Amino acid sequence: MSGTSAALAASREADASAASAVKSLQAEGHQADARERYAELVARHQRRASRIAYHYLRDAAEADEAVQDAFVKAYSHLSTFREELPFDVWFTRILINGCLDRIKARTRRERWLLPMGGSAASGQGESAPSERDVSERVASSGPSPEESLLTRERRRQIAAALATLPDRQRAVFVLSHVEGCTSREVSALTGLNESTVRVHLFRAIRKLRTLLAPGNGAAVERNEKGKRRVTS
Amino acid sequence: MSLRERFAGGGHLADRHFARLWADGGNHPHLASCAACRLRFAEFGAWAAAIGEEFQVEADRAFTSDRLATQQVQINRRLEAMERPGRVIVFPKSTRAVITGRSHGRRWVAAAAAGLIAGVGLGQVLDLHRAIEREPATHFTAATAAERANAIRPVSTTDGDEDFLNGAEAMGPRVKELRALDDMTPHSRELLRRK
């Protein structure tokens with residue numbers, strides 16, 4: 001655990017020095033050098049950012065766009081970055097706000113669209129054909145078709161269960177459990193109180209436990225559909 | 001009522017309470033003393049970890065290394081494009097051409113240039129015309145006029161074609177440059193002589 005925290009501290013130190021270098025290069029007008037240095041930060045954080053955006057938006061293409069937007073926005077507003085805050089926290093906040101804006105826009109859009117069978121869904125769960133489905137169809141020497149089917153089914157159920165969580169619970173769960181942020185970090189990222197973060201995390205895991213209990217697949221489906229009706 | 005108070009009676013922890021314990025970091029005195037609850041809580045932790053892993057695997061499948069590389073290139077391209085903002089073209093206020101002071105001046109310059117070109121062209125044409133008019137006066141002298149008068153012989157319309165051709169041959173070519181061609185051409189008088 002101490003090794004992990006030491007690695008995190010080292011990574012944050014590297015981020016801070018890269019961010020300050022980019023800031024000073026931008027101020028001096030060396031734009032090409034600033035971009036080159038910023039590419040280090042992008043490379044270090046893009047996978048994590050893509051994961052977070054993907055869990056928020058449930059659509060790979062949209063998550064890709066959200067990540068790009070967040071990096072471009074962070075670069076253009078780097079002069080406002082205060083170095084006492086870790087870069088990843090500051091950047092993730094930009095990313096999450098962007099994702100939330102996209103979710104709002106999507107909800108508004110869907111309000112005016114007529115549902116067309118399963119294809120008009122928001123890209124959540126099974127109804128949205130995605131690149132993952134295509135990649136899963138490719139033959140491989142890995143697990144058997146039956147195992148693949150079961151894994152796929154389980155992932156679909158997990159995704160559907162996560163989609164039923166309220167936005168805050170989902171955000172807290174993804175950040176703290178999937179991305180391994182501490183309650184304090186999640187608090188800094190989301191602007192919520194630390195104890196509120198813990199409450200959201202507890203409620204999220206309790207709900208997921210109920211929804212993903214054996215024989216509860218139908219409940220997940222019902223919950224997800226109910227949530228869609230409420231949001232649309 | 002806190003968890004500590006709730007479980008102070010010594011009963012086992014219920015499955016639904018593990019969520020709170022897990023969120024709070026898993027510190028509870030009952031877990032230290034009860035092996036069964038510790039085992040169940042470990043199972044709960046493993047389940048939660050598996051869920052987290054599933055999420056990560058799912059996201060990593062969606063974002064392959066190639067896709068991330070493409071994403072990085074696109075970010076860099078967007079940052080480059082940001083440094084060269086595009087020229088904003090103002091939407092025209094009216095569809096009619098507006099003549100400003102500057103364009104008025106340009107129009108005068110264009111008119112002057114057109115006038116100059118027209119003048120030079122006209123001057124050239126007039127010069128040419130005069131040259132044509134002047135040419136006969138300079139080339140036709142009295143001597144050449146007399147030569148021409150001698151060269152021209154009246155041809156009787158009553159004579160036959162042969163006489164006319166003979167007469168024309170006898171005159172010979174008037175143009176110096178055609179003499180070579182004339183020498184190469186067989187003449188009717190030579191044919192008659194052979195006969």
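Predicted model: local features only at pLDDT ≥ 70, side-chain atom pairs only at ≥ 80, totals over all residues.
**Exercise 1: The make-up of chain A**

Work out which kinds of elements chain A has and what share of its residues counts as buried.

*Solution.* Start with the elements: chain A has ten helices and zero strands. Reading from the N terminus, the order is therefore α-α-α-α-α-α-α-α-α-α. Next, turn to burial: 34% of the 232 residues of chain A count as buried. Finally, look at the contacts in chain A with a separation of 6 or more: 63% of them join residues 24 or more positions apart.

**Exercise 2: Two packed helices**

Describe how helices α4 and α8 of chain A pack, and decide which class their angle belongs to.

*Solution.* A pair of packed helices is described by the angle between their axes and the distance between the axes. Begin by finding the two partners: α4(A) covers residues 87–111, and α8(A) covers residues 183–190. Their axes lie 8 Å apart, at an angle of about 50 degrees. That angle makes α4(A) oblique to α8(A), because angles from 65 to 115 degrees would count as roughly perpendicular and those under 35 as roughly parallel. The handedness of this crossing is right-handed.

Now go down to the residues. From α4(A) come V89(A), T92(A), R93(A) and I96(A), and they meet E185(A), A188(A) and L189(A) of α8(A). Sorted by class, the residues of this contact are four nonpolar, one polar and two charged.

**Exercise 3: Where chain B touches chain A**

How many residues does each chain bring to the contact, and which helix of chain B gives the most?

*Solution.* Count each side in turn: 33 residues come from chain A and 28 residues from chain B. On the side of chain B, at least two residues each are supplied by α2 (15–24), α4 (35–62) and α5 (65–83). Of the helices of chain B, α5(B) gives the most, with eleven residues. By class, this side of chain B has 13 nonpolar, six polar and nine charged residues.

Definitions and conventions
Residues numbered from 1 in each chain as written. Chains lettered and ligands numbered in written order. Helix = DSSP H or I, 4+ residues; strand = E, 2+ residues; numbered from the N terminus. Buried ≥ 20, exposed ≤ 12 C-beta atoms within 10 Å, placed from the backbone. Contact = placed C-beta atoms within 7 Å. Nonpolar A, V, L, I, M, F, W, Y, C, P; charged D, E, K, R; others polar. Axes fitted to C-alpha atoms, helices over the stretch in contact; angles between N-to-C directions. Parallel < 35°, antiparallel > 145°, perpendicular 65-115°, else oblique. Left-handed = near helix turned anticlockwise from the far one by under 90°.
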